[in-house]
Amino acid sequence: MHGFRKYGIGVLAALGLSATAACADIPLPAPQQKGGQGIFTTLESRHSATPADFPLKNISMQELSSLLWAATGENRAGKGWTVPLAMGNAPYNRIYVLNDSGIYRYHWKLNRLIEVSRKNIKNEVGLQGIVGKSPVVLVFVSDGNVRREYAYIATGAMTQNIYLAAASMGIEGRFVISMNENAIRQALQLKENEVPLNLMLIGKK
Ligand SMILES: Cc1cc2nc3c(=O)[nH]c(=O)nc-3n(C[C@H](O)[C@H](O)[C@H](O)COP(=O)(O)O)c2cc1C
């Protein structure tokens with residue numbers, strides 16, 4: 001839990017992290033970056049979890065790490081990301097992970113979950129019962145520094161990558177746009193210019 005101790009305070013500041021936040025991070029296992037079934041077989045099976053599939057069962061941290069890497073991990077030996085981003089900017093959409101233990105922000109550079117809070121808010125963020133019946137709910141949030149269209153295009157690419165990685169790994173997912181924006185803003189401690197874009201429900205049958 002104290003993986004940031006090896007970094008100096010200066011490095012933490014450069015990454016936009018406080019020493020307090022640093023004590024609550026969860027290092028993720030290395031994501032799967034090779035193998036899996038071929039892309040055309042995966043495209044043939046890509047689907048959304050149906051309401052009858054809920055409640056879904058939990059996924060492992062390794063599987064979560066692989067899904068997050070698919071969404072905005074670094075690729076090409078650190079020269080790019082798994083999704084196209086406007087003007088080659090670093091990821092301007094953040095992914096928050098909600099589970100039974102709390103709220104975390106995915107840090108793509110460090111492959112870590114940064115703790116935001118220890119509250120389980122899964123039942124509050126959606127407008128459909130299936131949201132709270134997902135062991136993992138991902139919340140996609142624009143950092144507000146790019147045009148709104150760029151944020152939505154990026155979230156489409158990120159979530160499609162998750163759909164494909166999930167199909168390849170036998171994991172269920174569902175893109176959800178109906179959400180309780182006020183509850184999300186409050187729980188995720190978002191600034192005014194940061195914009196919740198959509199949810200993605202994740203789990204296993
Ligand atoms: C822009 C968009 C918004 C969506 N919003 C919701 C939603 O709010 N709630 C929900 O249950 N599913 C939502 N979905 C999931 C779609 O209903 C689902 O993708 C569609 O039924 C097709 O199923 P498939 O993904 O298995 O092909 C959304 C999908 C997209 C692309």
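This is a predicted model: local features need pLDDT of at least 70, side-chain atom pairs count only at pLDDT 80 or more; totals for chains, interfaces and linings use all residues.

Biologist: Thanks! Leaving aside neighbours within four places in sequence, which residues is Asp-53 in contact with?

Modeller: Asp-53 sits in the loop between α3 and α4. Its relative accessibility is 16%, so it counts as buried (buried is under 20% relative accessible area, exposed over 50%, partly exposed in between, with a 1.4 Å probe and protein chains only). Beyond its neighbours within four places in sequence, the contacts of Asp-53 are Glu-172 and Lys-205.

Biologist: How many helices and strands does the protein have?

Modeller: Both kinds of element are DSSP runs numbered from the N terminus, helices being H or I with at least four residues and strands E with at least two. By that count the protein has eight helices and nine strands.

Biologist: In what order do the seven strands of the open sheet stand?

Modeller: Two strands pair if DSSP finds at least two bridges between them. β1 (26–27) and β8 (172–176) are at the edges, each with a single partner strand, so one side of each has no neighbour in the sheet. The pairing is antiparallel, and the order is β1-β6-β5-β4-β7-β9-β8.

Biologist: Which residue of β9 stands opposite Arg-174?

Modeller: Five bridges join β8 to strand β9 (residues 195–203), in the antiparallel sense. Across from Arg-174 in that strand is Leu-201.

Biologist: And at about what angle does helix α7 run to β9?

Modeller: Angles run from 0 to 180 degrees between N-to-C directions, and axes are lines fitted to C-alpha atoms, for helices over the stretch in contact. Helix α7 (residues 148–169) lies across β4, β7, β8 and β9. Its angle to β9 is about 5°.

Biologist: How far apart in space are Tyr-152 and Leu-197, C-alpha to C-alpha?

Modeller: Tyr-152 belongs to helix α7, and at 36% relative accessibility it counts as partly exposed. Not counting residues up to four places away in sequence, Tyr-152 touches Pro-196 and Leu-197. Tyr-152 and Leu-197 are 45 residues apart in sequence, yet their C-alpha distance is 7.1 Å.

Biologist: Which residue in the turn between β5 and β6 has a positive phi?

Modeller: β5 and β6 form a hairpin with four residues between them. The phi in question is about 50°, and the residue is Asn-111.

Biologist: Last one: what percentage of the residues count as buried?

Modeller: The protein has 205 residues. Among contacts with a separation of 6 or more, residues 24 or more positions apart account for 71%. The buried share of the residues is 49%.

Methods: Residues are numbered from 1 along each chain as its sequence is written. Side-chain values use heavy atoms; hydrogens and water are left out. Contact means heavy atoms within 4.5 Å.
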